[in-house]
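How is a pair of aromatic rings described? By the distance of the centres and the angle of the planes.

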Amino acid sequence: AVVNAANNTTISAVNTVGFGYTESPNIIAPTSGVTATAAAGITGIGTIEYKSDALSSITFVNDGVITFSVPNDANGVAAEAFTKVDGENITVVIINNGGGYTVNENITFQYQDNATDHNLSDYFNYEIDAIGTILIGNNGSNYNNVYPPEVTITDEGGGTGAVVIAIVNETSNNITGYSIVNGGSGYSNLTTITIDPPRALFKTS
């Protein structure tokens with residue numbers, strides 16, 4: 001600790017307020033590292049609605065679990081959802097948008113504990129319009145794992161609802177991955193991702 005003899009105050013390493021200034025000092029905030037970059041992969045199931053002309057072979061129930069097929073992508077993750085039933089109104093609540101799906105593959109699902117595979121398109125209209133994967137461009141440097149940078153998602157096509165958290169390695173201090181808390185819906189190839197730069201180190205001159 002540093003002691004100011006003039007007024008017997010202590011300035012610790014975590015509270016380096018300084019003293020002796022006669023006027024407002026200049027504050028310098030240089031960038032402390034390299035800003036990370038990433039791109040969004042629109043590979044998750046976002047929009048899904050029950051079809052009015054759906055097949056009648058399944059009796060949907062409240063909180064019925066939908067288990068989607070695993071994507072053809074070897075690194076893909078299967079989506080998860082459950083149904084809500086209010087009279088004749090059937091809606092689907094996405095728990096996990098999944099990742100690795102393409103618009104060209106046939107997606108199937110199992111309902112409740114029944115092992116029968118059903119074609120998703122026979123019962124639901126759906127879109128691959130959720131953020132399902134994050135592609136790392138630059139891992140960045142000098143990030144803080146306790147205070148990871150904010151990840152901002154923008155989409156000119158009207159996508160909404162996505163929440164992504166950066167994962168910072170506490171040893172290397174760079175971003176090693178991203179956690180998709182919510183893939184949202186309505187996203188397109190117009191989706192962009194911006195990661196905040198590393199926290200600046202403030203000093204006076």
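**Exercise 1.** Find how many aromatic pairs there are by the ring rule, and classify Tyr50 with Phe60.

*Solution.* Rings of Phe, Tyr and Trp (its six-membered ring) pair if their centres lie within 6.5 Å; planes under 30 degrees apart count as stacked, over 60 as edge-to-face and the rest as tilted. By this rule there are seven aromatic pairs. For Tyr50 and Phe60, the centres are 5.6 Å apart and the planes stand at 75°, an edge-to-face pair.

This is a predicted model, where local features need pLDDT of at least 70 and side-chain atom pairs count only at pLDDT 80 or more, while totals for chains, interfaces and linings use all residues. Residues are numbered from 1 along each chain as its sequence is written, and side-chain values use heavy atoms, leaving out hydrogens and water.

**Exercise 2.** Decide whether Phe60 is buried or exposed, then classify its pair with Phe124.

*Solution.* Start with the cut-offs: buried means under 20% relative accessible area, exposed over 50%, partly exposed in between (1.4 Å probe, protein chains only). Phe60, at 8%, is buried. Next, the ring centres of Phe60 and Phe124 lie 5.7 Å apart with planes at 70°, so this pair is edge-to-face. Finally, Phe124 is buried too, at 1%.

**Exercise 3.** Which residues do ring pairs link into a cluster?

*Solution.* The cluster holds Tyr50, Phe60, Phe109, Tyr111, Tyr123 and Phe124.
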